[in-house]
Amino acid sequence: MKKGNYFSFSICLLILLISSGGLIAQKLPAPFMILPQPQNVTMLNGPGLEPGMLQHLVLKGDFLCPVMGDLLSGLSLEKETGKGTLILLLEKTIPGLNTEEGYTMTIYSDSVEVASTGEAGLFYGCQSLEQLLEDARDFNKPVPSCKITDYPVLSYRAVHFDLKHHLDHMNYYYESIDRLARYKINAVVLEFEDKLRYRRQPLVGAPQSISIDEMAALTRYARERHIEITPLVQGLGHATFILKHEEYAGLRELSWNKWAFCPLNEGTYQVLFDMYRDAIDATPGSKYLHIGGDEIGNIGLCPRCKPMADKEGMLSLSLYWLKRVCEFAKENGRIPIFWDDMPLKQGGVYESTWSDEVTSTAAAKAWEEGIPKLDNLLADFPKNCVYMRWNYSMASQPGNILALDWYKSHGLMAMIATATNTEGGMLFQADERDKGIASTGIVTIRSFIQLAAKKKIPGMLCTAWDDKSPHMENYWRGFIAAAEFSWNPDGRTLEEYDNVWLQREFGISFPDYFSFNNQLRRGSVLWYEALFRHGSQMDEENALQSLPQIEHWLPPVEGREKIQFDYTSKLIELPDLNSPGTWSKKYKDLIDRSLIEKNSYKELSDRLIELYNKSRRNRYYWSLSIALYNLQSTIPDLLLALKESDSPDKIQQYAGLEDVKKAIKNFQEAWKELENVYGQTRFISYTPNYVPDRYFHLASQREDLTWMIQPEQLFLGMIEKWLKTR
Ligand SMILES: [Zn+2]
């Protein structure tokens, strides 16, 4: 830059700053916080906007008034601008904004102007303003005068509602839409499983499923809040919710295996297309249709498929199914979305995309060998399909990056899927931020979204798998993190995210929430492990059911479900009172861990109650946390009582047995309370005519909520017998 140019540039900048009356700042001053973090904030001079100042609304342009939150929806519609007015302005172009989801907002001391080139942008501007007014009210301070220029980095920002093993009350879904809209999420991938009352295949819908009309109403409600509902109907594999019915047995790849359809049976397509049509009717106006397609396994085995699998390979067989369903989607005006693991697995590169044990050299070698296989079949990869690259750990596995690059270099559309709960646990979740590639929790969400942004990938989905069916509230911290980082991937640190999450969701601050959560989590880990001789309740080999071996990753073995097994042999023993002290010695580590939990109970439960009391919103989250914490605290008490009874001193032995009885009673009461809390948002019973869908998912073992406490119930049964022998 020449000197003269530099001079005039400086003058221009000065004029710009003077005319806008302010200085450039990166963030709003505390306590004001917008979630997600806006892209650009310029502070203006002036006293700021007092809460209650806004009274009127003026719409400039041809558009419908956006849906607004509690604070703004009470404004009266006026024609004339003036003091106390919120002006919404729809413009043809706005410099610096190239998406209709972007907006500018200028806050003066007596009025606010929101401008956008699209209705979505006006809606998002109002959501940001609503948050600022909430802070102004909560902290009794005027909203600082400023100009915000804001837009999302990713254009498809979705979260996942998986109805596999549970159904929430309809009002919970409506409230969830409002809550997601607040954080500028613009899509929900709704995985119906058997919770949609399909009309064309009425056998599939569970007795308590949602009608197509009700789902269409929810879709319209969501669209008014700029959220698309993308239906997900699982297809080739993960099909037990369909194939469990004997009426569909003829469509199974193996007559006794309910996991997968036969991809070369025309009947498969008749059933799937019927269900897709119903799913499309249930989500009018949506753009996408998610067809699932992951973890297929156990195909290429029937007399129809085996010759093709042998001759052309498994990849060809699954691409045949993909081609058929993608053609259907196209004919019906939808863009299909597909989980991408099967082609990668069959191309021999899958492990490199997720395993932290595959080195970059090994990944490069796998891809060197895999790329010709994938390239060879490139013509068979549908071009109208979105390949959803899913990875629930840290995103930096070399194979994960190579996969995204392969899609891009071959003209295939990719999006990413991360997960709000990588473990799927029902209690407090892992949040480990400093373990490098092995880190867990919201750091994984941020890492994959940042990678997507760097690679200019337009969309992300934050999955929330229902395999162990945690309460939906357990997912929200991750959902909101996905909202934050998909809008602005580099805007906030994780610690800043913790703070803004607490302020926006609950209207509270709580320094070092991270370590508090990890203390609660420590008790959850003990709960999962306490009663098992090896491993934990989370391990599939510890499932307390005689399960048919239909796991997609295992070779098929017929007749496994008939094996009788004594499941108490998986649980820890009880003290042998003829040999007092032996049990306590054997389980010393368990007893030490129980003691730590007992000693921190008062402090942690007091803090949870304080969080409940101080919250201005969403108190239900803390009711649930309290109920979960009380439940997980009953097992350490029980183990300590057992230890007490494991004594040569008869008096102490007797006192210990009394404490065991007390601990059992406390467990039953805590469980009852948890059922009550769950029942406020979720249906916790099924009708007797429901056809069970049994497989390796923990939550598919029972229809009511008690899959959560199967080991505990079994253990209490052991204690009952043991007490009788005393
Ligand atoms: Zn077949």
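User: Where do helix α7 and helix α8 sit, and at what angle do they cross?

Analyst: Helix α7 covers residues 305-312 and helix α8 covers residues 314-331; their axes come within 6 Å and cross at roughly 120°. Axes here are lines fitted to C-alpha atoms, for helices over the stretch in contact, and angles run from 0 to 180 degrees between N-to-C directions. Helices (H or I, at least four residues) and strands (E, at least two) are DSSP runs, numbered from the N terminus. This is a predicted model in which local features need pLDDT of at least 70 and side-chain atom pairs count only at pLDDT 80 or more, while totals for chains, interfaces and linings use all residues. Residues are numbered from 1 along each chain as its sequence is written, and side-chain values use heavy atoms, with hydrogens and water left out.

User: What does that angle make α7 and α8 to each other?

Analyst: They are therefore oblique to each other. Angles under 35 degrees count as roughly parallel, over 145 as roughly antiparallel, 65 to 115 as roughly perpendicular and the rest as oblique.

User: Which residues make the contact?

Analyst: From α7 these are C305, M308, A309 and E312, and from α8 they are M314, S316, L317 and Y320. Contact means heavy atoms within 4.5 Å.

User: What about α19 and α21: how do their axes cross?

Analyst: The axes of α19 (residues 619-632) and α21 (residues 650-679) come within 9 Å and cross at roughly 155°. The two helices are therefore roughly antiparallel to each other. Residues of α19 in this contact include Y620, L624 and L628, and those of α21 include F667, W671 and L674.

User: How many nonpolar, polar and charged residues are in it?

Analyst: The contact of α19 with α21 has 11 nonpolar, 2 polar and no charged residues. Ala, Val, Leu, Ile, Met, Phe, Trp, Tyr, Cys and Pro count as nonpolar, Asp, Glu, Lys and Arg as charged, and the others, Gly among them, as polar.

User: Changing topic, is S209 buried or exposed?

Analyst: S209 counts as buried because its relative accessibility is 2%. Buried means under 20% relative accessible area, exposed over 50%, partly exposed in between (1.4 Å probe, protein chains only). S209 lies in the loop between β11 (187-191) and α4 (212-224). Leaving aside neighbours within four places in sequence, S209 is in contact with D194, K195, L196 and R197.

User: And the whole protein: how many helices and strands?

Analyst: The protein has 22 helices and 20 strands. Its C-alpha trace spans about 95 × 70 × 55 Å along the principal axes, and buried residues make up 58% of the 726 residues.
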